[in-house]
Amino acid sequence: MSLYFARSIVIQVGQKIAGKLQTQLNNLINEIGTYIDSERRLSKEIFEELKHKEKRANAFEVLGYIIRKQPSWLYNIPQHSVMKQWMKVLKTEEDIVVMISGVLNLLAFLPTVPGNISSYLDDVFNIFSRLASWRYHLLKLKQFPEIQQIHLEVTLYAYFHRVYGMFPCNFLSY
């Protein structure tokens, strides 16, 4: 890979997320093509961001960007601590915007690692139950703005189709 090509990739990545993330995350994104261990470093940084409630939206934005770009090392994410933290956040998050962002990232991620995700199937199904519970309570309480309710419904339906389509027997037995 030529230095010019690597720099152009770094510039494109930096422009897409500039102004939305901390300097440290930007530096890690810029180093993806340069360092061999960028996968581990980036996963560790996202893991650290997911630990902090106020930084989760940014972490999910970066994670979504990586999932959409589908780097060759994407299938390794289930072995990193970031996956455990991701599942933990989705099972405990109270902010609907962050929750939907994390679930939509999971929707895009599941087809890339169907075999590697087996140890997280219970978590994936619990997240579905949690979304369904939120939808039920939102219909009763009318607690959130209508646009968030619509986003939650669409996310729930998409999540059901993805999970049932990929793991029908496991999902029915859950």
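Of the 174 residues of the protein chain, 41% count as buried. The structure is a predicted model, in which the protein chain has a mean pLDDT of 76 and 75% of the residues reach 70 or more. The protein chain contains nine helices and zero strands, and its order along the sequence is accordingly α-α-α-α-α-α-α-α-α. Among contacts between residues at least 6 apart in sequence, 67% join residues that are at least 24 apart.

The largest nonpolar core comprises 44 residues, and those with the most contacts inside this core are I46, M83, W86, L106, F109 and Y159. At least two residues of the core are supplied by each of helix 3 (38-51), helix 4 (56-69), helix 5 (81-92), helix 6 (96-109), helix 7 (121-141) and helix 8 (146-166). The surroundings of L106 illustrate this arrangement: when residues up to four places away in sequence are not counted, L106 touches M83, W86, M87, L90, I127 and Y159. Of these partners, M83, W86 and Y159 are themselves listed, together with L106, among the residues with the most contacts inside the core.

A search of the whole structure finds one cavity of 30 Å³ or more, and the space within the largest cavity amounts to about 30 Å³. Its lining is formed by L42, S43, I46, L63, I66, W73, I77 and V82, of which seven residues are nonpolar and one is polar, while none is charged. Helix 3 and helix 4 each supply at least two residues of this lining, and the largest share, three residues, comes from helix 3. I46 belongs to the lining of the cavity and is also one of the residues with the most contacts inside the largest nonpolar core.

S43, a further member of the cavity lining, is found in helix 3. Because its relative accessibility is 5%, below the 20% limit, S43 counts as buried. With residues up to four places away in sequence left out, the contacts of S43 are made with H80 and V82, and V82 is likewise one of the residues that line the cavity.

Most residues other than glycine have a negative phi. With a relative accessible area of 48%, which falls between the limits of 20% and 50%, Q70 is classed as partly exposed. S118, for its part, is located in the loop between helix 6 and helix 7, and a relative accessible area of 48% likewise makes this residue partly exposed. Although S118 and F167 are separated by 49 residues in sequence, the distance between them in space is 9.6 Å, taken from C-alpha to C-alpha.

How values were computed: Residues numbered from 1 in each chain as written. Predicted model: local features only at pLDDT ≥ 70, side-chain atom pairs only at ≥ 80, totals over all residues. Heavy atoms only, no water. Core = buried A, V, L, I, M, F, W, Y, C linked by side-chain atoms within 4.5 Å. Buried < 20%, exposed > 50% of the residue type's maximum accessible area, 1.4 Å probe, protein only. Helix = DSSP H or I, 4+ residues; strand = E, 2+ residues; numbered from the N terminus. Contact = heavy atoms within 4.5 Å. pLDDT = per-residue confidence, 0-100. 1 Å grid on protein atoms, 1.4 Å probe; cavity = no way out; pocket = protein on both sides within 12 Å on 5 of 7 lines; lining within 4 Å. Points joined across faces, edges and corners; volume = space filled by probe spheres on them. Nonpolar A, V, L, I, M, F, W, Y, C, P; charged D, E, K, R; others polar.
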